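Take a look at the model below.

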Amino acid sequence: MTAIDYQSKIPNNVDLNSDRRLQRALEHWQPRFLAWWNDMGPEGFQSKDCYLRTAVSADKEGWAHFDYVRMPDYRWGIFLADREPGRKVPFGDHYGEAAWQDVPGEFRTALRRIIVTQGDTEPASVEQQRNLGLTAPSLYDLRNLFQVNVEEARHLWAMVYLLQSYFGSEGRDEAEELLARRAGDADKPRILDAFNQPCNDWLSFFCFTMFADRDGKFQLGALAESGFDPLARTCRFMLTEEAHHMFVGDTGLERILRRSAQLTAQDPNGDARAQGGIDLMTIQKYINYWFSYCLDLFGSEVSTNAADWFGAGLKGRFGEEKRFTEHTALNQTRSLELIRDGQLSSHEVELRLAMNEILRDDYIDDCVNAIRRWNKALSAEGIDFQLELPSRRFHRRQGTYAAAHFDPRGELVSEAEFERNRTAWLPVDADRQYLESIMKPVFGVGQIANWIAPPKRGINDNEFAYEYVRL
Ligand code: BYC
Ligand code: FE
Ligand code: FE
């Protein structure tokens with residue numbers, strides 16, 4: 001990767017020093033960002049040393065250097081993957097033309113919307129997660145939470161860099177707005193629904209990093225193909241950080257599942273809650289909730305926006321260059337189940353109009369694999385409970401399926417039937433209150449809360465029993 005300049009106020013590998021105007025704009029935004037972090041970043045712990053992967057030096061591991069750092073001293077910066085010489089627009093109507101190093105005038109509005117929507121989710125997630133440190137099940141988990149938080153805040157920088165560099169005064173205004181909206185706020189909410197949902201317990205946190213950060217993997221993957229080269233390069237770098245976020249969610253859920261299975265087996269009535277743990281049905285309900293909200297993030301099944309963005313070469317399919325041989329997506333169709341007159345029916349839709357659904361398919365495949373692995377873990381613990389990923393039609397708020405009600409298997413049901421089953425399918429207040437009652441902080445080195453199993457190994461070859469946060 002291009003050498004990172006750590007001496008500047010804003011660490012970067014985009015030669016910020018040579019662009020005074022941009023440098024001044026970002027240095028003007030930086031204190032506002034820090035004020036936002038102080039207001040909306042993790043509650044408490046800001047003065048504590050955390051063992052984080054951070055940009056403290058330019059050693060051979062580059063940015064992936066582990067050391068103790070106070071969160072406000074984290075070196076948030078601008079890092080793009082290296083430029084590929086001779087890169088071409090890899091799909092759409094401009095296939096094969098030189099990739100754009102600047103914003104093509106006719107795509108300005110669309111690109112701005114894509115970048116703002118993406119940018120908005122990053123600080124939103126930090127806001128949603130801000131109180132979780134107070135109930136962390138271990139120092140290891142506390143550290144992982146903070147790692148995710150500082151990196152999501154860096155992803156905000158990644159998008160703000162594009163807005164400030166390429167979108168003039170409009171971009172500067174959008175960069176301010178990104179610091180002004182608030183997750184869950186009645187007046188100034190974040191743009192997408194999943195990023196306004198409360199995330200106040202650790203089961204939600206692990207579902208969020210499993211399912212919402214995985215949406216990030218696919219959305220960023222689609223933008224990493226973009227013909228607008230700076231967007232592609234910044235997304236490529238973000239994806240390297242995203243892997244750890246999904247690891248936190250995936251392994252966090254597996255650790256809860258293992259512990260729940262053990263507590264279920266050990267209770268005379270098979271009741272994990274009686275043992276202070278989380279029962280498997282509650283975990284299933286949280287998966288149902290977060291998975292369905294995250295499916296909404298892919299947009300409508302039939303989307304002219306998605307078609308336009310594909311045609312324009314702005315947003316491709318996941319792995320467009322490597323996984324596909326035909327890159328125009330013209331003269332092809334895709335069969336979709338849509339709601340018409342309250343009923344499901346099959347329709348052939350132009351492929352470009354189905355781009356959201358194609359991305360959603362890849363996402364669902366990834367989630368199916370995780371469920372399979374978790375079910376193996378449950379079997380290994382000797383429990384005959386198996387989790388099921390709900391149907392893509394279940395509990396949707398956006399897209400065609402929002403117009404009707406479906407059970408978790410995807411069968412059409414009446415609204416009355418859905419409501420009758422709501423407490424069995426989705427978390428209810430009593431579940432939230434129960435989780436709140438068992439989630440008390442455990443901050444001793446090497447200690448862990450009763451409701452979750454310890455991880456198999458620690459971070460960066462350290463033990464689980466390591467002082468990941470110095471309290
Ligand atoms: N919530 O044209 P439509 C990540 C709105 S994760 C609220 O049918 P289209 C991360 C939509 O705005 C990656 N509103 O659909 C993870 C539109 O409103 P207007 C984050 C929604 O255009 C963890 C109307 O409904 N990025 O980075 O095909 C931690 C009709 O929309 C929603 C993404 O996921 C919703 N869910 O798609 C940190 C974004 N869905 O304009 C970070 C990717 C739709 O009519 N997707 N609406 O007022 C997009 O950007 C898509 O364009 C949209 C809409 C989902 C926004
Ligand atoms: Fe992110
Ligand atoms: Fe993430």
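Leu-52 stands opposite Asp-67 in strand E2. Strand E1 (residues 49–54) pairs with E2 in the antiparallel sense, over six bridges. Pairing requires that DSSP finds at least two bridges between two strands. Helices (H or I, at least four residues) and strands (E, at least two) are DSSP runs, numbered from the N terminus.

This is a predicted model: local features need pLDDT of at least 70, side-chain atom pairs count only at pLDDT 80 or more, and totals for chains, interfaces and linings use all residues. Residues are numbered from 1 along each chain as its sequence is written, and chains are lettered from A and ligands numbered from 1 in the order in which they are written.

The open sheet has three strands in the order E2-E1-E7, with antiparallel pairing. Its edge strands, E2 and E7, each pair on one side only.

| Edge strand | Residues |
|---|---|
| E2 | 65–70 |
| E7 | 469–470 |

Now the loop. Arg-130 lies between helix H2 (108–128) and helix H3. Is Arg-130 buried or exposed? Arg-130 counts as buried because it has 20 C-beta neighbours inside 10 Å. The cut-offs are 20 or more other C-beta atoms within 10 Å for buried, 12 or fewer for exposed, and partly exposed in between, with C-beta atoms placed from the backbone. Arg-130 and Gly-44 are 86 residues apart in sequence and 9.0 Å apart in space, C-alpha to C-alpha.

Last, the ligand. The shell around ligand 1 takes two or more residues from each of H2, helix H5 (202–223) and helix H8 (304–312).
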